[in-house]
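Trainee: I would like to learn how to read pockets and a sheet in a model. Please start with the terms.

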Amino acid sequence: MTKKLSRGVAVVGVGMSKFGAFPEKHSRDLFVEAYQELKQSVQNGFDPKEIEAFYMGNFSSDHFENQAHLAPIVASWVGLSPVASMRIEDACASGGVALRQAVLAIASGQCDVVLVGGLEKMTDLSAARVTDALALAADTMFEVPAGFTFPGFYASMATAYLDQYHADPDALLKVGIKNHENGALNEKAQFGQRISDVMASKKAKAAQKGLPIPEWADEMAFMKDPKANPMIAWPLRLFDCSPVSDGAAAVLLVSEELAQKYTDHPIYIIGAGQASDGALAERDSLSSVPSAAHAAAQAYEMAGLTPDDIDFAEVHDCFTIAEVMATEDLGFFPRGEGWKAAMAGETARDGKHPVNTSGGLKAKGHPVGASGVAQVVEMWKQLNGLAGGRQLTPRPTVGLTHNVGGTGQTCVVHIFERRS
Ligand code: COA
């Protein structure tokens with residue numbers, strides 16, 4: 001039997017902080033920024049007293065900031081106490097799962113107005129300590145003692161994928177170039193530079209220091225240069241990896257019948273799915289993420305849509321291979337064809353299936369608990385025609401978010417629609 005939400009849920013406003021490295025700020029400061037922007041975005045305004053619950057995605061403030069029990073603290077900083085405030089931890093899918101819990105709270109009739117937040121402040125720790133903290137999202141009994149880190153996991157998946165489908169590894173570099181191209185058009189992105197801009201600034205720096213000026217024939221030549229784009233875990237290079245980031249995002253959800261009270265331009269959540277899996281070490285194949293296909297099937301069924309009905313998607317490109325696999329798991333391209341589509345530009349803004357118009361995790365940044373919520377910010381912007389230089393034309397009607405925890409132990413998919 002098709003599962004439906006017992007009542008509709010709408011997004012009526014969104015906000016996010018800039019993503020990047022902010023040594024002078026705490027995660028709560030970043031959330032205040034996101035919340036203030038959210039307040040501005042709700043057309044007819046709202047009284048914070050209307051908010052009945054706060055679901056907040058955060059992977060590991062314990063490790064990153066030496067602060068547990070963050071949700072009530074953050075709620076207090078934006079003046080919400082004594083509203084029920086919960087932190088959701090599902091690794092990099094924490095934000096997407098927080099969104100799902102908020103959707104269910106409204107659909108159940110328990111709440112009418114719910115705030116969803118996501119935040120992470122990662123850059124206070126050294127890269128090595130961040131890598132150790134992130135590795136806790138893997139199986140620490142079997143995988144971590146074998147020496148795996150997250151770049152290592154996704155490198156293994158990339159190796160399996162490239163081998164199984166005889167894929168050209170240049171496809172991964174193309175994903176990086178495309179997402180930096182999009183991120184350069186997003187003022188909130190951690191990396192505001194196209195790869196061609198990065199090349200120009202490296203040349204300028206060399207000239208300034210009186211060093212030989214590097215020459216690259218084009219962006220692909222730069223991406224293949226081991227000095228410019230060093231190997232992190234074969235075949236993944238620096239520009240295949242999402243960065244270590246600080247950032248926060250916030251979204252206001254209300255029941256469908258209340259949506260017009262807040263704005264003339266709500267966007268509706270018409271599909272929701274979530275699935276899980278064991279550790280990567282337990283899987284038969286490393287070249288896809290089964291939980292993503294399961295979560296997507298639930299969301300498509302609820303929405304009564306197929307992959308071809310999706311005008312654009314924000315997918316979890318923590319590494320470039322993850323985007324290629326996601327485009328297959330979500331059904332945009334047949335198995336083994338995602339890399340060809342990336343090579344052919346089909347996921348670019350003017351392609352058949354635009355993916356990660358925000359710059360994705362790769363270029364926008366990946367403050368892990370915030371990423372799933374920031375994806376909704378891009379949904380709002382694209383569906384409402386507010387995405388500036390990266391706006392898709394014609395303005396899309398339906399979009400999809402795909403948020404993955406770990407190597408796919410958790411995956412959450414949501415489908416959004418505009419009706420005006
Ligand atoms: N993409 C592009 N450039 C990056 C980058 C990335 N992911 N990470 C860092 N850089 C740039 C920095 O801006 C800096 O540039 P500059 O020299 O021009 O100022 C340079 O590379 C060195 O930065 P640094 O912070 O010293 O890099 P690092 O070697 O410590 O970290 C990675 C690089 C790839 C190891 C780190 O970004 C990483 O661990 N990413 C994966 C995070 C992750 O696993 N998230 C969870 C996913 S499931």
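Mentor: Ala, Val, Leu, Ile, Met, Phe, Trp, Tyr, Cys and Pro count as nonpolar, Asp, Glu, Lys and Arg as charged, and the others, Gly among them, as polar. This is a predicted model, where local features need pLDDT of at least 70, side-chain atom pairs count only at pLDDT 80 or more, and totals for chains, interfaces and linings use all residues. Residues are numbered from 1 along each chain as its sequence is written, and side-chain values use heavy atoms, without hydrogens and water.

Trainee: How do the residues of the lining of the largest pocket divide by class?

Mentor: A pocket is an open set of points on a 1 Å grid over the protein atoms alone, where a 1.4 Å probe fits, with protein on both sides within 12 Å along at least five of seven lines; lining residues have an atom within 4 Å of a point. Here the lining divides into 23 nonpolar, 8 polar and 1 charged. C241, S242, P243, V244 and F319 lie nearest the centre of this pocket.

Trainee: Which residues lie nearest the centre of the second largest pocket?

Mentor: They are K174, I177, K178, G345 and A348. Its lining has 6 nonpolar, 3 polar and 6 charged residues.

Trainee: What is the strand order in the open sheet?

Mentor: Strands are DSSP runs (E, at least two residues), numbered from the N terminus, and two of them pair if DSSP finds at least two bridges between them. The order is β3-β2-β4-β7-β1-β8-β11-β10-β9, with mixed pairing. At the edges are β3 (84-88) and β9 (312-314). β10 (398-405) and β11 (410-418) pair in the antiparallel sense over 8 bridges.

Conventions. Helices (H or I, at least four residues) and strands (E, at least two) are DSSP runs, numbered from the N terminus.
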